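Visitor: Can you walk me through this one? I'd like to hear what the model holds before I start turning it around.

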Amino acid sequence: MQSRTSPGAEPDPIRAELDSRLSAELASVVAGARRRAVRDGDRQIDTAHLLHSLLETDPEVRAVFENGAQVVRLLGYLVQRSIGYGLQWRGTVEDSGALPVVTSHKETGWSPAAVSAMDVALERAEVRGDPRALGMDLLAGLTADPECRAVEVLGRAGVDVEVLLRRVEAGCRQYVSGGHRFAGGHGSAG
C-alpha cells in the first residue's frame with residue numbers, strides 16, 4: 001500500500017518541537033513568515049519576514065510602538081520589500097555575524113539571524129518560566145541583533161530601537177508581575 005503523503009510532506013519532528021514551544025499566536029506568526037518567504041521567492045525566512053508577520057498578527061507587539069503612524073511606516077517598508085526596497089536581499093543569506101548562531105533547534109529554511117532571534121525568544125520564555133514564547137519575546141529577539149534586516153527596517157521607519165527595547169522590557173516586567181497579557185501602550189518609554 002502506498003502512502004498518500006507526498007514525499008517531503010512528512011511531519012518534521014524538529015518543526016513540531018519548535019511549534020510546541022511557541023504560543024498559538026507566535027506559531028501563526030512563523031507560519032505567516034514562512035508563507036511570505038515562499039511568495040517572495042526567498043530561500044529562507046529572515047528577520048524582516050518575521051517582523052512583518054509579527055506586526056500583522058500580534059496586537060500586543062503593535063501596541064509597544066510609539067504610535068500607529070510608526071507601525072504604518074514599518075508595514076509600508078515591509079510591503080515594498082518585493083517591489084524595490086529589499087531587492088538587494090533576494091538570493092542572499094541573512095547572517096550579520098553580530099550574534100553567534102548557537103541553535104537549540106536546527107530549523108531549515110531560516111536565515112542564521114532569524115534562528116538567533118527565535119533562540120532569544122525561546123530563552124526569554126524559559127527564563128520567565130513560560131513553556132511557550134510569545135510575540136514580545138520574538139520582538140526582543142529581532143532587536144537583539146543590530147545588524148539584522150529587521151533592525152534595518154526599524155531604523156528606516158524612524159524607530160529608535162533602544163526606546164523600543166525599553167518599552168518591550170517594561171511590558172515584560174508587567175506581564176511577569178501578575179498580568180496575563182503584555183502591557184503595551186502608547187505612552188513614552190522611561
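Visitor: What's the mean pLDDT of the protein chain?

Guide: The mean is 77, and 67% of the residues reach 70 or more. pLDDT is the predictor's confidence in each residue, from 0 to 100. This is a predicted model, so local features need pLDDT of at least 70 and side-chain atom pairs count only at pLDDT 80 or more, while totals for chains, interfaces and linings use all residues. Residues are numbered from 1 along each chain as its sequence is written, and side-chain values use heavy atoms, with hydrogens and water left out.

Visitor: Where is the pLDDT below 50?

Guide: Residues 1-11 are one such stretch, with 1 contact beyond near neighbours in sequence; contact means heavy atoms within 4.5 Å. Residues 176-190 also stay under 50, but there the model has 32 contacts beyond four places in sequence.

Visitor: OK, new topic. How many helices and strands are there?

Guide: The protein chain has 9 helices and 0 strands. Both are DSSP runs, numbered from the N terminus: helices are H or I with at least four residues, strands E with at least two.

Visitor: And what share of the residues is buried?

Guide: 44% of the 190 residues. Buried means under 20% relative accessible area, exposed over 50%, and partly exposed in between, using a 1.4 Å probe and protein chains only.

Visitor: Which residues have the most contacts inside the largest nonpolar core?

Guide: Leu51, Phe65, Leu74, Trp110, Met118, Leu138 and Leu139, in a core of 44 residues. Such a core is a set of buried Ala, Val, Leu, Ile, Met, Phe, Trp, Tyr and Cys residues joined through side-chain atoms within 4.5 Å.

Visitor: Which element gives the largest share of this core?

Guide: That's α6, with 8 residues. Other elements giving two or more include α3 and α7.

Visitor: How do α3 and α7 cross?

Guide: The axes of α3 (residues 47-57) and α7 (residues 135-143) come within 11 Å and cross at roughly 145°. Axes are lines fitted to C-alpha atoms, for helices over the stretch in contact, and angles run from 0 to 180 degrees between N-to-C directions.

Visitor: Which residues make the contact?

Guide: Thr47, Leu50, Leu51 and Leu54 from α3, with Gly135, Leu138, Leu139 and Leu142 from α7.

Visitor: Last one: is Glu126 buried or exposed?

Guide: Glu126 counts as exposed because its relative accessibility is 58%. Glu126 is found in α6 (residues 112-128), and its C-alpha is 9.6 Å from that of Arg21, 105 residues away along the chain.
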